[in-house]
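Dear colleague,

Please find below the structure that I am handing over to you. My notes on its salt bridges follow, and I would be grateful if you read them beside the model.

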Amino acid sequence: MGDVDMPVKFTDTTLRDAHQSLLATRMSTEDMLPIAEKMDRVGFYSMEVWGGATFDTAMRFLKEDPWERLRQLKAHIKVTPLQMLLRGQNIVGYQHYPDDIVQHFVERAKANGIVIFRIFDALNDVRNMEMAMASVKAVGGHVQATICYTISPVHDIASFVRLARTLADLGADSICIKDMAGLLAPYTAFAMVRGIKDELRLPVQLHCHYTSGMASMSYIKGIEAGADIVDTALSTMSLGLSQPPVESLVSALQCTPYETPLDMALLAELADYFAGVRKKLKEHEAGMMGVDGKVLLHQIPGGMVSNLMSQLREQKAEDKLPQVLEETARVRAELGYPPLVTPTSQIVGTQAVLNVVLGERYKVVPKQVKDYVRGMYGKPPAPIQRDIQDRICKPEEVITCRPADLLPALWDKVKTEAGGLAKTEDDLVSYALFPQVASEFLHWRDGAHHQDEEVAAAIAVALAQPRRRPRVLPRAQAPSAWKLSGRQEQMRGSTSSP
């Protein structure tokens, strides 16, 4: 068993990964703030509230400033540390960014309220995590270095333990095991956590999605092996593609050495609130409500299956999904068994769709796939199949250095390009990450602000005018235009009925 009398800690994912997984990241700041202070009273180890896809989604779909969301949450959540998901050199985007942009992003995230930075790389290439880790250290943040768990002929517990040791040597303050597809089996979780705890004197955190139905069992075995923290969501935002429910796990650990005294009555109140939010956002539901046992066969994360289906629907080829799932596994093997998480899931999935829909494998190869094969995303876990590599690029095009070493500094160029559009350093970072999306959002924001000013000015002018008392005409002299329309008469009649 793990250490006795060591209560397990809980990180709540409701405000980030849970709604990203279940509701297409559509929960707004307006949905979060009314309940934030009550969530702060629960006693969570941390709350994951930012990062991942929430950054660009806020600007792209919700017309919100992601930085303002973070500031407002920090103003309401004053006790519980705020946590974010950082995609290493990809930051919160889908490509590598230069080191200076990584540094500026981390600095602003810390200044706006993030304490714990969960840093991962889709290929588990530590070279793509080094700058982010060093940047977090430089601003006094907590570095939670992350292992992307996956299953393949080249991945095993020993290799993951070695990776944890490397991350510790780079300055990790804690280690997270990120099981994005729900593939981590209970006894594998026990062995993996035990292996890392035997090797390192660092806290270990488990992050599992419930897709396959194993997550709660894996948490229990991981806790018995010494896991210090687990990721859960409030029950009404849990299960399916999300994390296990906090209430169930808290109850399961009662009367054990791992018991954590969280307020169950308060948790129930919070769950009721988010049931209402989820109902309001039902049009964005992922569609996978229960357990997907097939993920244990094809090993493709549920969110990725949804994306594949969306691509097939655009091509009017939904019936080809089984073939695409098979092709995805084949492409993944040919490309060196990358873990399927952003952005490698998009890279592998898009190529699989093209192979099936076009009826010829690798007839069309997107730029992302070409860059991946050239090494621009990092080093794959296994060598790329030689005939596939030769078909996509020339040997001399393949790089072996850290990809970001080839990227020139960008910050000065961003300041010039953004011009008067960026009002703050946070705006500049948003522009550096998503130039087109940020430009559209900042133009919209400034336009809305200008319109608000015009409305306020018009109201002020109107209020300053001397008021004239209206002359009331006798009913017999009232103009015919004052007569009620037929529709108005019906409405008046309906309001007077019992």
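A salt bridge is taken here as a side-chain nitrogen of Lys or Arg within 4 Å of a carboxyl oxygen of Asp or Glu. Please note that the model is a predicted one. By that definition, the structure holds 32 salt bridges. Some of these contacts join up: Arg 16, Asp 17, Glu 48, Arg 118 and Asp 231 are linked in a network of salt bridges.

Glu 224 and Lys 221 form a salt bridge through their side chains, with a distance of 3.0 Å from N to O. Both residues belong to helix H9 (residues 215–225), and because they are 3 residues apart there, about one helical turn separates them. Glu 224 is partly exposed, its relative accessible area being 25%, whereas Lys 221 counts as buried at 18% relative accessibility.

A further salt bridge connects Glu 334 with Arg 361, whose closest N and O atoms are 2.8 Å apart. Glu 334 lies in helix H14 (residues 321–334), while Arg 361 lies in the loop between helix H15 (344–358) and helix H16 (367–374), so this pair ties together parts that are 27 residues apart in sequence. Glu 334 and Arg 361 are both buried.

Lastly, Arg 445 makes a salt bridge with Asp 446, and their closest N and O atoms are 3.7 Å apart. Asp 446 counts as partly exposed, at 23% relative accessibility.

With kind regards

Notes
Residues are numbered from 1 along each chain as its sequence is written. This is a predicted model: local features need pLDDT of at least 70, side-chain atom pairs count only at pLDDT 80 or more; totals for chains, interfaces and linings use all residues. Side-chain values use heavy atoms; hydrogens and water are left out. Helices (H or I, at least four residues) and strands (E, at least two) are DSSP runs, numbered from the N terminus. Buried means under 20% relative accessible area, exposed over 50%, partly exposed in between (1.4 Å probe, protein chains only).
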